[in-house]
Amino acid sequence: MMRTRPLKVALLGCGVVGSEVARIMTTHAEDLTARIGAPVELAGVAVRRPSKVREGIDPSLITTDATALVKRGDIDVIVEVIGGIEPARTLITTAFEHGASVVSANKALIAQDGAALHAAAVEHGRDLYYEAAVAGAIPLIRPLRESLAGDKVNRVLGIVNGTTNFILDAMDTTGAGYQEALDEATALGYAEADPTADVEGFDAAAKAAILAGIAFHTRVRLDDVYREGMTEVTAADFASAKRMGCTIKLLAICERAADGESVTARVHPAMIPLSHPLASVRGAYNAVFVEAEAAGQLMFYGPGAGGSPTASAVLGDLVAVCRNKLAESTGPGDSAYTQLPVSSMGAVVTRFHISLDVADKPGVLAQVATVFSEHGVSIDTVRQTGKDGEASLVVVTHRAPDAALTGTVDALRKLDTVRGVASIMRVEGE
């Protein structure tokens, strides 16, 4: 039987995503009612600038007092799209205390304090959903948390930031330098005025922490994720990648150790073969590979940001939470029963592509090879070019612990025949 009394929803934030959520709630009201089993009503909208005109939203719903809104007691679901740590964290816990479940798109907060927020939700018998926090419209958290609940996930590998993928794709396809590609991304609205969170990997690292925690049923916080930005990637790096039949992507990689006793989570630029499906992910799109024991390889692809895609994920969570509310139940919560330790980057087994500027004279290659041997790192390929006393030496290694590889690079820098290390990049996706 259809319930006639509406479920009340309050919005915290009404920017690009929040305004789109409000629009969809209005234009798709009948469909949402049919899918949920009860009408949903926008009961309040907390904003910082109340004077701004917000088309389609009743001005009487606008308030600057977000705390009073979440304390009302008659709100069924809070949709938090303000971002940041505070006041979002306090507002969410206050919403739980006053009877509301929460749908959030706040990756930074979930990555940092997800365990505490889940505990607060359980304490008060509420839901905490955040599909929109990771990859925009791409259904990823729900498949990991529900569809693959009976399987064992061993690896999650993907492109989870559209801004960086747009920049790297532009560098690859046009030969542009980093700054030129960033300027284009900014002009087109793909990059923020301050792109630090994207290009230095902070955004992707928060998403990696969330994905690793869900995939491996353990606690992974933002501080556990190794992070390396892509601002040092050059046109020369792309030229080297092309000679290897590769391209360069900023990847989020979450892995279970071979012995199953630990996990790692990392974000960094990497060369991947052109034959790998992630190599063909263009523009501002995202794509994520999930490798599970029974299911095998699964790929999730789509727009990873923007008002409409993110709002789509928010509304999907809203429907699920409202259904739970009507059933007087809650959905899947935090699952960290494995309590696996998170290993440091040094324990990760990977490959390196190293470009060295060296003296063009006999014995240099032998010196370099000796350093690799002393650190237990096997060389896969070597390419040397040079003239007029200067040379470039490109070495691609076999897989080895990252600590051994970085130790090798440190030792190479001390050779008097090595003028400098032009670039270092990991190689993935084999």
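## Strand 11 and its partners

Let's start with a pair in this predicted model: Asn 286 sits across from Gly 302, a residue of strand 12. Strand 12 covers residues 296–303 and runs antiparallel to strand 11, with eight bridges joining the two. How many residues does the hairpin between strand 11 and strand 12 go through? The link from strand 11 to strand 12 takes three residues.

Strand 11 has another partner, strand 7 (residues 153–159), and this pairing is antiparallel too, over six bridges. Val 153 has Ala 292 of strand 11 as its bridge partner.

Now for a sheet with parallel pairing: six strands make up an open sheet, and their order is 3-2-1-4-5-6. Which strands are at the edges? Strand 3 and strand 6 (128–129) are, since each of them pairs on one side only.

At the strand 3 end, the partner is strand 2, and two bridges hold this parallel pairing. Val 45 is found opposite Ile 62, which belongs to strand 3.

## The loop at Gly 56

Between strand 2 (40–46) and strand 3 (62–63) there's a loop, and Gly 56 is part of that loop. Is Gly 56 buried or exposed? Its relative accessible area is 68%, so Gly 56 counts as exposed, the cut-off for that being over 50%.

Gly 56 also pairs up with Ala 22 in an interesting bit of bookkeeping: the two are 34 residues apart in sequence, while their C-alpha atoms are 8.0 Å apart in space.

## Helix 4 against helix 5

On to the helices. Helix 4 (residues 88–97) and helix 5 (residues 107–123) have axes that come within 10 Å and cross at roughly 15 degrees. That angle is why helix 4 is described as roughly parallel to helix 5, a label that goes to angles under 35 degrees. As for handedness, the crossing of helix 4 and helix 5 is right-handed.

Which residues make the contact? Helix 4 puts in Ala 88, Arg 89, Ile 92, Thr 93 and Phe 96, and helix 5 answers with Leu 109, Gln 112, Asp 113, Leu 117, Ala 120 and Ala 121. Sorted by class, the contact of helix 4 with helix 5 comes to seven nonpolar, two polar and two charged residues.

How values were computed
Residues are numbered from 1 along each chain as its sequence is written. This is a predicted model: local features need pLDDT of at least 70, side-chain atom pairs count only at pLDDT 80 or more; totals for chains, interfaces and linings use all residues. Side-chain values use heavy atoms; hydrogens and water are left out. Axes are lines fitted to C-alpha atoms, for helices over the stretch in contact, and angles run from 0 to 180 degrees between N-to-C directions. Helices (H or I, at least four residues) and strands (E, at least two) are DSSP runs, numbered from the N terminus. Angles under 35 degrees count as roughly parallel, over 145 as roughly antiparallel, 65 to 115 as roughly perpendicular and the rest as oblique. A crossing is left-handed if the near helix is turned anticlockwise from the far one by less than a right angle, and right-handed if clockwise. Contact means heavy atoms within 4.5 Å. Ala, Val, Leu, Ile, Met, Phe, Trp, Tyr, Cys and Pro count as nonpolar, Asp, Glu, Lys and Arg as charged, and the others, Gly among them, as polar. Buried means under 20% relative accessible area, exposed over 50%, partly exposed in between (1.4 Å probe, protein chains only). Two strands pair if DSSP finds at least two bridges between them.
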